[in-house]
Amino acid sequence: MKKIIFLILFVCTQAQSQITFKHVATYTDVEFREIRRGRFPVECIINNPLINNNPDLILIVTPDYGISGPYFTGEYSVYFFENRWRINSPDGEIPENTKFNILAMPRSDRAFVHTSRATANNYTIIDHPILNNNPEAKLLITKASFRNTEKVGIAYSPLINKWTIFNLDFSLFGIDSYNVVIMDGIFTATATTTSGSWFAINHPTTNNGRNNLVFTTPIYQGDATNINPTGVWYTGNKWNIFNQNRAVMPVNAKYMFSSFNSSGYVNRDNEVHVYLDDINEILCPNTVTRGDREFNGNGPRIQTNVTLQIRNNREIWAIINFTATETVSDFSTTNAIFERRVFISPNNRRIAQIMTPTTTNINFVSLSGGMQIIGAVGDSSNTVTITEPMNFIRSMNIVGDTGGDDISNDNDCNDDTRIENIRFFPIKVRFAN
């Protein structure tokens, strides 16, 4: 994708010059048109001036459910390319409004990249002087390899007195990179009490901290290890670690976590793109408002206005005002207004606003339909496709002049001035909270 809107929540400069903020994967109308229906990109760009043009940072990332999601079930890693940091999900997609807590630190002996080698083991050893012989060390990790789909955690090995990064599915390690941060203010949380797919961290640094930015890393715990994709979620004045796929959280699953205070988060989860239903029926006017029913190859001039309206709080309707006018005397004219419902809100959610422009105007002079010999010439040779790439209309097929009478006088529109179909781009709406 070309651009991702970001939201800066909090910046702090301490001894280690860490930067923390929330990144929200949102898409412009133009960008969303490039997304196949029902699918999302596998990558988002963190376009943030605090970290742009700086490849010498170590990023730690944790998904944050926010108020209303969405669930993000893919594995992910971070990497730097073309002056921007990016989050990549090679085995999944990054839905609109997926939120990530970002911690960025300059490289140092406490913030570094660990590169693993291909081995016959399911772990890689972090041989580091601050971590060696230090089972009480506290660290966070994030994958930094572009196509790494492994589920990883950390574990201290008393046999070698070193910390390791562990493939939680016991697969063998390949050549991959991992961002590692060691710092004060990292604690452990254990799922001694679970509630379905989640458990509460219940710690003074996170309790009552609705706007905190929380980061987590799983710890290998044998049979109690959680191998599901996780995120963090605030509810009931506590931060929780939850399974994105809604699988049951294992009792005694264990995590490293850290929490940073931040300013208030403005919720925009309710601003999303939706797909409108294309209009595939033929729409033709049958009222003569001037002249006769024949254009005689003189145009007509087609003027079409399409407006989107919210109705009944939960529906979007397209109002199509269609006019065709002969370009010479006697200026035969027809006009009709068609109204079609093109969207029903899911789960009965109330639509507060259409954020995309809501009106499109189309104005052109039709080519001559020629003489009708067999069949309706206007069905093929005089269909004009109108594309409005900067608005909500993807295309319209319109027939102006035809081989016979042009303004319909019956219910058969096959050889008359008409709109054959309207296809829409996705639009962005704001649902009421």
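Is Phe-170 buried, partly exposed or exposed, and what is its relative accessibility? In this predicted model, Phe-170 has a relative accessibility of 47% and therefore counts as partly exposed, since the exposed class begins over 50%. Phe-170 sits in the loop between β12 (162-167) and β13 (177-182), and its phi is near 70°, a positive value in a residue other than glycine.

A positive phi is also found at Asn-296, where the angle is near 55°, and this residue belongs to the loop between β21 (288-290) and β22 (301-311). With a relative accessibility of 54%, Asn-296 counts as exposed.

| Peptide bond | Omega |
|---|---|
| Gly-69 to Pro-70, cis | near 15° |
| Ser-329 to Asp-330, cis | about 25° |

Pro-70 lies in the loop that runs between β4 (57-64) and β5 (77-81), while Asp-330 is located in the loop between β23 (315-325) and β24 (333-344).

The remaining feature is a sheet. Three strands form an open sheet in the order β20-β30-β25, and their pairing is antiparallel. Because β20 (271-274) and β25 (351-354) each have a single partner strand, they stand at the edges, and one side of each is left without a neighbour in the sheet. From one strand to the next, the twist averages 40°. The antiparallel pairing of β25 with β30 (residues 427-431) extends over three bridges, and Ile-354 has Val-429 of β30 as its bridge partner.

Conventions:
Residues numbered from 1 in each chain as written. Predicted model: local features only at pLDDT ≥ 70, side-chain atom pairs only at ≥ 80, totals over all residues. Heavy atoms only, no water. Pairing = 2+ DSSP bridges. Helix = DSSP H or I, 4+ residues; strand = E, 2+ residues; numbered from the N terminus. Axes fitted to C-alpha atoms, helices over the stretch in contact; angles between N-to-C directions. Buried < 20%, exposed > 50% of the residue type's maximum accessible area, 1.4 Å probe, protein only.
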